[in-house]
Amino acid sequence: MYKLNLTKVQIEHLLFIKNNKENVTITQTARRFECSKVNSKKILDRMIVVGVLYKEENNYKLTDIGKDLADFYDKSLEKNKYLFEKLLNVGEETAEKVSIDLMTKENTELEESIDRKFKILKRINDFEGPIVGTELSEILPQGRYKLDFIIKKADEEINNSFIEDSMAIKGFETGAYLNICKESYIELFAKTINKAQGGYLKKGIATKLFFYEKGQEVEIDSKNKTFKIPLSIIDYWSKLDGLILMSSLHFTIKAQVGINTHSNVTNFIFVVNLCSV
């Protein structure tokens, strides 16, 4: 892309000319940007010198370089506005002003981050209804993403308005990850806990997770205290305001406490915050 370092005013004029179906004159730009014809002429003539405009009779038109730049700024404006409106909950006018301000400052890292987030959020929001578990691998770029989760009791009365957290949450590290790859999976980490039993303090750790698939009990074993849960066993992800993805799985946790084995039926709730991916 051309490095012409256009000012905010020049970018605004460039986009106005690009998106105006009629021929653009000094009178039209002066009216659009609420300035005098003298000031408007200075701006447009300077853009001719820069090489993004040319004049045909009284009309100002885009050069080939101007067309390329206008397309680039138009796409950048769409991305920036979308993210500002979605993430910051600001109005369209404010989002546009801030977006154009941002486009005058060259920052490759920020541009790449905006482009990445825009693509992800657009893909997510283009899906109607919930997202099938494996479809997430097609939406998110390959990588390792922070995942939040909680564990709820699975044996509470269905009429209860609030379901308590399961004590099993103490048996897992708070950090969890969503790994998007050829065979995507969720990564959970078991941790050793101390439990009083029979007057003794015994160590315990979750060693197996079980879930039911087509009526059959399927085992997920831990390796080096790590559980890898295939994304394929998740039926779907629900969308919350297009920014949060949530899903849940029922697991029977089997833990080794001393020489004894304990089982606990739980409901794991997984949350992906798209603002942080």
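I began with my burial classes: buried means under 20% relative accessible area, exposed over 50%, and partly exposed in between (1.4 Å probe, protein chains only). On that scale, 37% of the 277 residues of the protein chain are buried.

A note on sources: this is a predicted model, where local features need pLDDT of at least 70 and side-chain atom pairs count only at pLDDT 80 or more, while totals for chains, interfaces and linings use all residues. Residues are numbered from 1 along each chain as its sequence is written, and side-chain values use heavy atoms, with hydrogens and water left out.

**Entry 1: overall form.** I took helices (H or I, at least four residues) and strands (E, at least two) as DSSP runs, numbered from the N terminus. The protein chain has seven helices and 13 strands. Its radius of gyration, over C-alpha atoms, is 28 Å, well over the 19 Å from the globule rule for 277 residues, so the chain is more spread out than a compact globule. That rule is 2.2 Å times the number of residues to the power 0.38. Along the principal axes, the C-alpha atoms fill a box of roughly 95 × 40 × 35 Å.

**Entry 2: positive phi.** I recalled that most residues other than glycine have a negative phi. K214 has phi near 55°; I found K214 in the loop between strand 8 (200-213) and strand 9 (216-221), exposed at 84% relative accessible area. D241 has a positive phi of about 60° and sits in the loop between strand 11 (236-240) and strand 12 (244-257). D241 is exposed too, at 60%.

**Entry 3: salt bridges.** How many salt bridges does the rule give? With a side-chain nitrogen of Lys or Arg within 4 Å of a carboxyl oxygen of Asp or Glu, I got 14.

- E56 and K61 pair at 2.7 Å, N to O; E56 is partly exposed at 36%, and K61 is partly exposed at 24%.
- E187 and R144 pair at 3.0 Å, N to O. E187 lies in strand 6 (residues 185-189) and R144 in strand 4 (residues 143-153), so this pair ties together parts 43 residues apart in sequence. E187 is buried at 10%, whereas R144 is partly exposed at 47%.
- E219 and K208 pair at 3.0 Å, N to O, linking strand 9 with strand 8 across 11 residues.
- K18, D71 and D74 are linked in a network of salt bridges.
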